[in-house]
Every structure is written in C-alpha cells, then in structure tokens.
Amino acid sequence: MGISSGGGVALEGVHASVAALDALAAEDSFLAAGVGVGAGVDVLQRRYELRLARLEVVKRLEAQLAAVKARDVAEAVEIQHAMVAPDAPVHERTFSEMSAVEEIAGVLTISSGAAGASVEQSRRVCFLPPVMDALSAGNLSWQHARIVADETEGLTPDGAAALVAHFFDPDAPNPARGAAPGELVPSRLRTKVRTWRESHHPETLEKRHVKGVADRRMEYTPDRDGMAWISLHLPGDTACAIWNRTTATARGLQGPNEPRSLTQLRPDIAASLLLGAGSTSEAAQANGSTGEIGKVPTPRADVLVMVPVCALLGVTDEPAELDGHGPIPASMARKLVADGADSFYRVLVDPRDGAPLEIGRTRYRLTETIKQWIRMRDGKCTFPGCSNRSPDNDTDHLTAWEHGGTTGTSNLAQLCPKHHRLKHARPWIPDPATHNGPAGWTSPTGRHYNPEHPDREPTRWPPGLLPSNVSAVAPEATAAPNVTAPSVAAASGHAGGRNVAGPAEDLPCQPLLAGTLTWLEALPELEAPELEEPDGDNLLDPDDLCATDALWDDFYAMPFVLPPDPQADWQLLLSLT
C-alpha cells in the first residue's frame, strides 16, 4: 500500500502519555490530601505547576491520537480500494471510496463533506513522513500538520519535500531558524510556511498575483442581531494601506472624551469614509462623540517594505515583504517605491540570511530609526504566541535601563502594550536579542519559549551577473553557502519619500555585514575602485553631528531616488548602497 502501516509508534506514544497523566494525577491527589508533603513545599504553587504539566501531556496526547486517527482514515479508504478487483471499472472504485467516506462519516458522527475533507487532509499528512513523524511523537498538533499539508498544494513532489525539509530537517540547506513548527501558534506557522512557499513556488508570485487581482471582489454577509459583514478582497498593499489609515485615524480620535474602543472606531471610520462626510457626524452622534472624523489629523502610519535590491532594480522578480501582510510581488514593491511615501527608510540586509543588519550607533543615532530597524528585525511583538504587528508596538529594553541595560539593538525588542505591561508585572524573562533575531522568553514557571524568527532567506543574484569564479567562493570563506545580493528595507506611508541609508560616502564593504564580513572578502577576485573625496568646502563628517542637529532633518527629508541601471559589477555594488 502507498501508506505504510506505522501506527505502532503513535500508539506507543499514546500509552506513554496516558501513563504520564496517571503519575501527575496521583501526585496531585497526594498534595490535595496533604500526604507526604514536605515542610518547604508550596502546595498551591506545585498544584498550579501540575496543571500546566498535565496540559502539556494532554496536548501531546491529542496530537498522538490525531496521528492514529489520520492514519486509520487514510488506510481505511486505501484498504477499501484494495478490495476492488484491479480490472474493475472506474465507477466501481468511485463507489468504493464513496462508501468508505460515508462509513467514516457515520463512525465519527460528522457530515459526508467533513468526512471527505478529513480523508483528503489525512492522505496529505500521511504522505509527508517528517510531518507524520512529528505528529506521532506529539511534537505538533493536527492543526499544525494540516497547515503544512495545505501549503504543499500546488507544489511539485520535489517542492513539497523541500518545504517539509526546510521546517523539519535541521540538516537541510538553510533550515528554518528559531522556534520549531510545533512551538509556533498555528497562525504564525502558516505565515512562515506560506512565506517560504511564495518564494519557491514553481509559478512566480508575479503571475499568481495577476490572477488574484482579476479575482478581486467585495462581499456582503448578513449576521445575527441585526449586524452584517463587509469583506474586500484586494491587492495586499491596498488592503494594508486601508487598515493602517483607519487604525491611525482611530488612534487620533481616542481621548478622554471618546468612549469607543479602537476595535469599535475602525468600522465607524471605514463606514464614514465610504458613505461620505455627511455620515461622519451621524456616526459620531450615535456613539456619543461630538467630533467629526474629517477634522481629526491622521497620524502618519509607516509601512515597512523589505525588497531585494535586484528586484527593486527590475533585474529579478523574487518577492518583497510587506509588514503586516507577507510576501508581495516585486512589481508591487517597485510601485510603492516609485510612488513614494511621506517616510521611506532604507537599510542594508545581510545577503547570507536575508536579515536586516545591525545599524551602527555612530551613523544611526536617531531614536525613530532604531525603532524602525527593531520593527524590521522582529516583525511583530516578540512575546510567545503574540501576532500583534501594530506599528505602535513599544520598543522595550529587555534588561531595564536602571538595571544596567543599554539602548543597543541587542537589548531592544518589540512588545505590544499588553505584553509590555505583563513583562513588568510578572517575571517573564526575555533572552538577549541578536543582530538578526528577536528574543526568546522564559515563563515564571521556568518554561523556555524559543524566538519566532521571521525566517528570511538569502537574496539571489540574477543569473549571469557575476563572474563564474565568484559563485564558487567556498562557504567557509563567506560563512554562507553562496554569495547573494543585498536587499533594502523601506518604511512607507502615503505621499512623498525620504532616504535614510546613511551618508553618500558609505561603501558596500563597510556596513554590509556589520564588521564580520566585507564584500571584498566574499568577492576576492574583484578589486575596489579607488575612491575620490568629493569637491567642496561645505562638507561635514556625519560622526561630528549630534543626533539632534537640524541638518539631520534636511538629510532625511531628501527624496528617495532609484540608482541608474548598472553597467558593470562594481557599479552595481556601489549602487546598492
């Protein structure tokens, strides 16, 4: 049979988990009865820890039972097929499977449609051995396994195997970093898996996006209690801009005299903007507010866009990444750049792993710039399981300033207001961050949660751009399996633009790899052109300017201008910064 009979491993795990539950229950009974409790034991604290330990075992047991169930569902249909004669007509095989699906629906007391979906999902998971093994061991839930299986749809068998290997095989090329698949909440796992899939899909994101745009639509769904839903299926950048504008306007309306929550304000603002200014005052009066939305200045809402430089130049079509959305076509990113924004931040990205590079304090001393960089590195609130990508997340000191913490990026991380307060109210202890990854966390009971890395990948040079000898640079010489192109990251709003890449004399070999690797080391056969000091008596060294000098405002207000098309390798490298 195509699906091997490997249910024994899952059943052994089930037995072990049940035994572990029995042992924990027995200890809890002794504590409740006061039997054998030492003088120094905090009974309530220990019983609390036992509840958490039992929840861990139950989670593992549920996954193991899901593995048994999935294998039985898939094998039941396969065995039914085996009972049909090899030369039987097609309709006989069809009825055989239909009958099995109906039997499964009756046994599980679910609808025929749900049983059919269960059969399809079970087959997909069973045909991904590393995923099935992790499920059988209780290392990830059925929901996690189903997400991975769903995202393999449309991929070739080799592509599906590569996706699974990236997340489940630590020896795979450029494996996923940070928390394991089963340690991520399902929505975060789907985001990471989908991001990888978008970059490795056999059909480019550009082509798939064209099809998606043709399918844009607006839907209306009546709901209970006199309510209804309005849904818009739009290009990602448009939807992100709508969300950020309504959120920013809602925050501008909040105040002592505004009784509505942020969640309530968003739909009120959207309705007012769609129905016209006349409904604004009506909505305000209906909700006890006397201010009109049209009179509220909208705070600027920056949107980060990380795009590989070669894609920005139109040389490659690898996807860019839109903060709060995920992968977007390179053409969409180029449009965002070309249209400009009232803020546009450019930062070099490590070509080896696609992560933003450390920003040196001698050149990037503005608080807002550091906040934007932390936002790029972390991608969201770093607290375990939190998916808050709100632009106004707090940039928190992991080790408090009064306890000796510095303001360097390794001691800073994004926290949403809720988890920022919790960190200071209860002993949730963060790990130090790194130059390309957020912090992990340790709970009050000592459980450690690995950081949820954005899992970016190295960017790619366009084919034939570099000499053949460059691609043969040894991994040990570059600390990476191949030489790849840098990226830029941008924070975009909704009009104009500015460039914060640093002074014009910065070279690719100076900041690119934060002092650990230079382009000259990675490209030993290329020689740097001699640099000339620009003419003029009015030039200043940026290091001689304090962070509050007014000249910085003028510098950051300069418009962002794309470099001209390169004519040679070194011209390209120089243009990247």
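Biologist: In which salt bridge does the side chain of Glu-56 take part, and what is its N to O distance?

Modeller: Some ground rules to begin: this is a predicted model, in which local features need pLDDT of at least 70 and side-chain atom pairs pLDDT 80 or more, while totals for chains, interfaces and linings use all residues. Residues are numbered from 1 along each chain as its sequence is written, and side-chain values use heavy atoms, leaving out hydrogens and water. A salt bridge here is a side-chain nitrogen of Lys or Arg within 4 Å of a carboxyl oxygen of Asp or Glu. By that rule Glu-56 pairs with Arg-447, and the N to O distance is 3.1 Å.

Biologist: How many residues apart in sequence are the parts that Glu-56 and Arg-447 tie together?

Modeller: Helices (H or I, at least four residues) and strands (E, at least two) are DSSP runs, numbered from the N terminus. The side chains of Glu-56 and Arg-447 meet in that salt bridge. Glu-56 lies in helix H2 and Arg-447 in the loop between strand S10 (441-442) and S11, so the separation in sequence is 391 residues.

Biologist: Which helices hold Arg-46 and Glu-27?

Modeller: The side chains of these two, Arg-46 and Glu-27, form a salt bridge at 2.8 Å, N to O. The pair ties together parts 19 residues apart in sequence, because Arg-46 sits in helix H2 (residues 43-82) and Glu-27 in helix H1 (residues 7-33).

Biologist: Is Arg-46 buried, partly exposed or exposed?

Modeller: Buried means under 20% relative accessible area and exposed over 50%, with partly exposed in between (1.4 Å probe, protein chains only). The relative accessibility of Arg-46 is 28%, so Arg-46 counts as partly exposed.

Biologist: How many salt bridges are there by this rule?

Modeller: Some of them join into a network, which links Asp-28, Arg-47, Arg-51 and Arg-54. The count comes to 22.

Biologist: Which residues of helix H9 (residues 205-214) are buried?

Modeller: Three residues of H9 are to be named: Leu-205, Glu-206 and Arg-208. They share the same side of H9, because they cover an arc of only 160° around the axis, taken from the directions from the helix axis to the C-beta atoms. On the other side, Lys-207, Val-210, Lys-211 and Ala-214 are exposed. The buried ones, then, are Leu-205, Glu-206 and Arg-208.

Biologist: In S8, which residue is the bridge partner of Thr-395?

Modeller: Two strands pair if DSSP finds at least two bridges between them, and S7 (residues 394-397) and S8 pair in the antiparallel sense over four bridges. In a regular strand the side chains alternate between the two faces of the sheet. From S8 (residues 412-415), Leu-412 and Gln-414 point one way and Ala-413 and Leu-415 the other way, and all are buried. The partner of Thr-395 is Gln-414.

Biologist: Which residues does His-419 touch, not counting residues up to four places away in sequence?

Modeller: His-419 is found in helix H16 (residues 417-425). With a relative accessibility of 9%, His-419 counts as buried. Taking contact as heavy atoms within 4.5 Å, His-419 touches Cys-381, Phe-383 and Cys-386.

Biologist: And what separates the C-alpha atoms of Pro-451 and Gly-385?

Modeller: Pro-451 lies in the loop between strand S11 (448-449) and helix H17 (475-478), and is buried at a relative accessible area of 15%. Leaving aside residues up to four places away in sequence, Pro-451 touches Gly-178, Ala-179, Pro-438, Ala-439 and Gly-440. Pro-451 and Gly-385 are 66 residues apart along the chain, and their C-alpha atoms are separated by 9.9 Å.
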